[in-house]
Amino acid sequence: MEAEVAFYFINDLLMQKNQRSLNEYEKDVFLGIWNNETYQEISEFTHRDFQTVKETGSKLFKKIHQVLGIQVKKNSFKPAIESLWQKHSQKNSSPPELDDKISNSSSLETPSHSSQLNFGNNWAFKNSNSNPFIPPTGMVDNPELFFNHPQLLNQIFEIINSGVNVALIGEEGTGKSTLLSATCRLSKANLLSPRQPVYLDLYGIDDEDDFYRDLCKEIGIPQSSGSTLRRALKPHKLLLVMDNVDKMQRFSLETREQLRSLSEGSQASLKVVVAASEPLDKLFNDQKASPFSGIFIQVDINYWDENTIGTFIKSRLDKTAVCFSDEEIANIVIESVGHPRRLMQLCYETFSRYMEPIHEPR
């Protein structure tokens, strides 16, 4: 079995049992373990904290055991899941040639009704897009799943190209992390002056030592701070993209002052794009003027309007044989109130109803 196929097989079973999808951290760890990587290798490849990766692995094993009833450890992970796959294949009598396509597939194909597998009581396409609305639990970093926001992205790059830093402000689940990922991915094509994108998620960073260590590691320079860091950055032009910058509240004023000094001016070593749930002047309300005051232009990440929702739903359904009714779309608009994560959940539930097997009369 390919790693992606194994992941979506297990994820589908878990969602049938408890209606909860595995998150992005769990997916990264799952795929890494499947490919016989150590936790250290997974940490380095995914740029995630080693301890968090290790703890995620332990919790993943426990979740699979509790929900699916199979005992898995790191060294028995792959054979245990392959054994479960074989049992389901035999139980559901899926054609042998279809199993061969799945286990030998190097890429995940576009879904179609002619390529369905029966997992328990639900139908699922044989690829990763069995339901094109699987609710994300974090960043959507797959370009094929990215729903383009040309106006927002144009605004972000216009601000950076003018020599100013950007702060993406919005509620949890509105797509800030996904926009940060797209900013990194598209920076080469959209920045007037080339900059190396450097992504840091402060959610997994405990303190300032961790911050400087991870920053320097991503840049490829020895760990440093203060004037030593300034000298080390002189030859570099970087686009520093930081998620969950709210966590920087626990950092010292001096660290934020240094970030300001390194990012002021169009030719500065750093240009910075951050994401937070509240405006920066509210988050960093220091006794004196905040170091972040006046060097960021705020871009608000709002809920989606009806036209955007309609375009999004159509784009996801285009490669399937399903078409939502006008009434269903109207209900999704009303119930989600345009919140992207709630919208995705409602679309997932609506699509799932189309995938339920139809029982013909005897």
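**Exercise 1. Determine which side chain makes a polar contact with the side chain of Asn131, and describe the setting of Asn131.**

Step 1. The side chain of Asn131 forms a polar contact with the side chain of Ser352, at 3.2 Å. A polar contact is a pair of N or O atoms within 3.5 Å; within protein, one must be able to donate a hydrogen and the other to accept it, and residues adjacent in sequence count only if both atoms are side-chain atoms.

The structure is a predicted model, in which local features need pLDDT of at least 70 and side-chain atom pairs count only at pLDDT 80 or more, while totals for chains, interfaces and linings use all residues. Residues are numbered from 1 along each chain as its sequence is written, and side-chain values use heavy atoms, with hydrogens and water left out.

Step 2. A polar atom of the Asn131 side chain also lies 3.1 Å from the backbone oxygen of Tyr348.

Step 3. Leaving aside residues up to four places away in sequence, Asn131 touches Tyr348, Phe351 and Ser352. Contact here means heavy atoms within 4.5 Å.

Step 4. Asn131 is located in the loop between strand S2 (122-125) and helix H7 (150-161). Helices (H or I, at least four residues) and strands (E, at least two) are DSSP runs, numbered from the N terminus.

Step 5. Asn131 counts as buried because its relative accessibility is 7%. Buried means under 20% relative accessible area, exposed over 50%, and partly exposed in between (1.4 Å probe, protein chains only).

**Exercise 2. Locate Phe211 and state whether Phe211 is buried or exposed.**

Step 1. Phe211 belongs to helix H9, residues 208-219.

Step 2. With a relative accessible area of 0%, Phe211 is buried.

Step 3. Not counting residues up to four places away in sequence, Phe211 touches several residues, among them Leu200, Ile205, Met242 and Phe251.

**Exercise 3. Describe how helices H1 and H2 pack.**

Step 1. Helix H1 (residues 3-18) packs against helix H2 (residues 24-34) at an angle of about 130°, and their axes are 9 Å apart. Axes are lines fitted to C-alpha atoms, for helices over the stretch in contact, and angles run from 0 to 180 degrees between N-to-C directions.

Step 2. H1 and H2 are therefore oblique to each other. Angles under 35 degrees count as roughly parallel, over 145 as roughly antiparallel, 65 to 115 as roughly perpendicular and the rest as oblique.

Step 3. Ala3, Glu4, Ala6, Phe7, Tyr8 and Ile10 of H1 meet Lys27, Phe30, Leu31 and Trp34 of H2.
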